[in-house]
Amino acid sequence: MSDKKTIAIIGAGIVGVSAAVWLQRDGHDVILIDKAGPAEGTSHGNGGVLASCSIVPVTVPGLLGKAPRMLFSPSEPLFMKWGYFPKLVPWLTRYLSHAKADEVDRIAAALTPIIGDSLNDHKALAEGTGAEKWLVPSDYLFLYRDRAHFEGDAFGWGIRRKHGFHWDELEGQALQDYDPVFSHDISFAARLADHGHITDPGRYVKDLAAHVEANGGRILRAEVEDVIRDAGKVTGVRAGGETIACDSAIVSAGVWSGPLAKRLGISVPLESERGYHLELVGPSAMPRSPVMVASGKFVATPMDGRIRLAGIVEFGGLDAPPSRAPFELLRKNARAALPGVTWKEEIEWMGHRPAPADSIPIIGEVPGISGAYMGFGHHHIGLTGGPKTGRLLAQMIAGRTPNTDTSVYAPARFAT
């Protein structure tokens with residue numbers, strides 16, 4: 001290939017590794033640079049669901065009225081480290097400004113092309129890499145106490161219907177017949193077909209990265225300090241005190257992308273939405289499919305030898321240690337939803353979801369700098385949308401026009 005380029009990819013989570021796979025398939029040389037190595041951050045600890053239907057942002061109408069009550073109740077899945085609150089206010093103000101029906105519509109329309117066909121995007125990405133074994137097609141169920149509880153979420157389901165999602169309803173005995181593992185207090189489910197889950201997200205992304213390396217890609221453990229430009233064009237990246245020459249650079253370091261983006265003239269209002277997971281290792285029974293338990297707003301995903309419970313939101317920045325309360329809430333909710341299940345041990349984890357104030361990822365070329373690209377800010381849907389994001393970036397770098405209108409993701413919307 002005559003226009004072979006060297007691409008430096010900053011961040012080796014699902015987005016960076018997906019971009020690397022697709023760029024290699026185009027014949028480019030890739031260098032993956034990550035301060036901790038592949039899949040050591042959020043790509044390791046996510047809920048593992050390929051949640052194509054998760055196009056409804058957190059910022060739905062009425063959130064402003066509910067949030068204070070949620071913050072002060074220990075049984076609600078929203079937590080705040082109050083010492084961080086003053087620092088959070090500017091971001092939070094912008095974030096809450098999107099909690100309107102027309103904004104939710106706009107965000108859902110932007111997210112659908114990135115995540116709406118996630119299972120097939122992952123299959124295409126993983127094909128021939130050795131990572132396929134972690135990928136399982138499955139249903140995805142939203143569990144409710146009863147039909148009235150489900151109908152309380154009518155706004156979100158209406159958005160999903162509008163964007164082409166279909167589901168069937170399981171009630172009472174039909175739900176127990178489908179999966180007897182759940183409490184009888186949960187008597188209603190909306191079941192979406194054509195979803196999937198990953199039985200070990202960390203190993204999945206590590207296997208993809210190993211495939212990149214086996215095909216001649218370099219993997220470097222280093223902190224990237226800057227993207228080097230000359231006459232408005234990327235010429236290298238500065239990492240670990242050395243300059244690595246490249247023709248293009250992609251910033252895909254999740255929540256840590258903010259400072260690098262700023263150096264490139266893009267000031268993204270980005271916060272860490274701290275996410276927690278609790279793994280039940282060696283459980284006596286497994287859910288048949290991944291589920292979202294609506295009452296506790298957490299996901300339970302069957303994985304390799306364990307059930308992973310994930311889905312708390314906490315605001316408290318990047319530096320504070322994990323809180324105890326979110327783990328206690330996950331444990332309490334698990335016992336309520338899976339009353340007959342016992343397990344041998346538990347593993348606790350906390351990580352950082354990259355949350356832009358408008359809930360839309362930042363994907364595309366940086367205006368005014370040839371060869372500088374970004375792919376980060378996927379909130380709750382990084383694993384789900386990573387493969388498509390990586391493929392879009394590879395298409396942009398090749399000069400091909402993606403079959404998706406990418407202007408809505410453009411970094412230019414945050415240009416300073």
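Start with the cysteines: with a disulfide taken as a pair of cysteine sulfur atoms within 2.5 Å, the count comes to 0 disulfides. This is a predicted model, in which local features need pLDDT of at least 70 and side-chain atom pairs count only at pLDDT 80 or more, while totals for chains, interfaces and linings use all residues. Residues are numbered from 1 along each chain as its sequence is written, and side-chain values use heavy atoms, with hydrogens and water left out.

Select Cys53. Its relative accessibility is 0%, so Cys53 counts as buried; buried means under 20% relative accessible area, exposed over 50%, and partly exposed in between, using a 1.4 Å probe and protein chains only. Cys246, at 6%, is buried too.

**Helix H1**

Go next to residues 14-25, which form helix H1. Helices (H or I, at least four residues) and strands (E, at least two) are DSSP runs, numbered from the N terminus. H1 has 12 residues and reaches 17 Å from its first C-alpha to its last, close to the 16 Å expected at 1.5 Å a residue. The expected span is 1.5 Å times one less than the number of residues in the helix. Of the 12 residues of H1, 11 are buried, so the helix is largely enclosed by the rest of the structure. Among the buried ones are Ile14, Val17, Trp22 and Gln24. Just after H1, select Gly27, which takes a positive phi of about 95°.

**Ala39**

Move along to the loop between strand S2 (29-34) and helix H2 (42-45), where Ala39 is found. Its phi is near 60°, a positive value in a residue other than glycine. Ala39 has 2% relative accessibility and therefore counts as buried.

Select residues 188-198, strand S7; 8 of its 11 residues are buried, so the strand is largely enclosed by the rest of the structure. Two strands are said to pair if DSSP finds at least two bridges between them. Show these partners in turn:

- Strand S3 (residues 49-50) runs antiparallel to S7, joined to it by 2 bridges; Val49 stands opposite His197 in S7.
- Strand S5 (residues 135-144) is also antiparallel to S7, with 9 bridges; the bridge partner of Leu141 in S7 is Arg191.
- Strand S6 (residues 168-171) has 4 bridges to S7, again antiparallel; Glu169 has Ala190 in S7 as its bridge partner.

**Helix H10**

Now select residues 201-214, helix H10. At 1.5 Å a residue its 14 residues should span 20 Å, and the end C-alpha atoms are 20 Å apart, which agrees. The buried residues of H10 include Tyr204, Leu208 and His211. Pro201 is found in this helix and is buried, with a relative accessible area of 0%. To place Pro201, show Leu119 as well: the two are 82 residues apart along the chain, and their C-alpha atoms are separated by 14 Å. After H10 comes Gly216, whose phi is positive, near 95°.

Which way do the side chains of strand S12 (residues 248-251) point? Ser248 and Ile250 point one way, Ala249 and Val251 the other, and all are buried. In a regular strand the side chains alternate between the two faces of the sheet. Show strand S1 (residues 6-10), which pairs with S12 in the parallel sense over 4 bridges; Ile9 stands opposite Ile250. Then show strand S20 (residues 372-376), which pairs with S12 in the parallel sense over 3 bridges. Here Val251 stands opposite Met374.

**His379**

The relative accessible area of His379 is 9%, and the residue is buried.

**The second largest pocket**

End at the second largest pocket, which holds about 390 Å³ of space. A pocket here is an open set of points on a 1 Å grid over the protein atoms alone, where a 1.4 Å probe fits, with protein on both sides within 12 Å along at least five of seven lines; lining residues have an atom within 4 Å of a point. Grid points are joined across faces, edges and corners, and the volume is the space filled by probe spheres set on them. Of the 18 lining residues, select Gly258, Pro259, Val268, Leu270 and Glu271, which lie nearest the centre. Helix H4 (85-96), helix H11 (258-263) and strand S13 (270-281) are the elements that give two or more residues to the lining.
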